[in-house]
Amino acid sequence: IADVQDQIDHELISKAQIDSKIAELAAQVSEDYRGRDLLLVAVLKGAVNTLVAFSQALSIPVQMDFMSLSSYGDGTVSSGTVTVRQDLSVDVRGRHILIVEDIVDSGRTLAWLVDELKRRGAASVEVMALLQKPSRREVDVDVKYSGYEIPDEFVVGFGLDYAERYRNLDSIAVLKPAVYQGA
Ligand code: PRP
Ligand code: MN
Ligand code: MG
């Protein structure tokens with residue numbers, strides 16, 4: 001397996017751009033939730049990098065929990081059904097929740113999770129997402145704290161994977177076509 005850098009076609013969003021956008025969103029969230037007990041719910045696995053950077057940029061103390069959801073499997077196209085790989089460890093009843101996501105594509109994962117958390121009795125549910133692909137949206141979900149909008153290209157890095165790899169890249173990039181063809 002070749003080095004990651006040799007498999008990248010081009011970088012779409014640099015680490016510096018990610019950091020500055022996350023700082024901006026974190027300042028807004030810190031202001032909006034000051035004085036309230038906030039629970040961050042990160043959607044594993046893609047949201048891991050965003051959660052770490054975002055939570056460290058917040059100036060208020062928060063709690064964190066994790067839910068592992070999958071709609072993509074190993075392909076580049078969403079299956080359309082959300083699978084719970086691992087559930088939360090806390091009761092969300094009466095809690096103010098901010099879902100942390102790496103990317104909103106069709107919107108199916110988020111729509112399912114927002115409904116589910118409300119069904120479980122959360123006091124409020126908002127969404128922070130680093131990336132959105134507006135041209136791919138199929139389901140309407142309100143993303144209150146939104147980072148970058150990107151074109152309809154399959155991207156990896158900063159938590160986003162292709163067949164479970166490339167999550168460890170520190171920027172957002174498009175892979176060389178040969179990488180997908182080799183799969
Ligand atoms: C990806 C991504 C989002 C979701 C977005 O997760 O991290 O959670 O898909 O797609 P949607 O808006 O069409 O639902 P994936 O299913 O690949 O699981 P992963 O986070 O473990 O990579
Ligand atoms: Mn995900
Ligand atoms: Mg994935």
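Helices (H or I, at least four residues) and strands (E, at least two) are taken here as DSSP runs, numbered from the N terminus. The model on display is predicted, so that local features need pLDDT of at least 70 and side-chain atom pairs count only at pLDDT 80 or more, while totals for chains, interfaces and linings use all residues. Residues are numbered from 1 along each chain as its sequence is written, chains are lettered from A and ligands numbered from 1 in the order in which they are written, and side-chain values use heavy atoms, with hydrogens and water left out.

Start by selecting E164, which sits in the loop between β8 (155-156) and β9 (172-175); its phi is near 75 degrees, a positive value in a residue other than glycine. Most residues other than glycine have a negative phi, and most peptide bonds are trans.

Now select ligand 1 itself: of the 19 residues around it (a heavy atom within 4 Å), R85, E101, S106, G107 and T109 come nearest. A polar side-chain atom of E101 is 2.5 Å from an oxygen atom of the ligand, and a backbone N or O atom of D105 is 2.8 Å from an oxygen atom of ligand 1.

Finally, select helix α2 (residues 15-33) and helix α3 (residues 48-57), whose axes, lines fitted to C-alpha atoms over the stretch in contact, come within 8 Å and cross at roughly 55 degrees. The contact (heavy atoms within 4.5 Å) is made by I22, A23, L25, A26 and V29 of α2 and T50, A53, F54 and A57 of α3.

Conventions
Axes fitted to C-alpha atoms, helices over the stretch in contact; angles between N-to-C directions. Polar contact = N/O pair within 3.5 Å; in protein donor to acceptor, adjacent residues only side chain to side chain.
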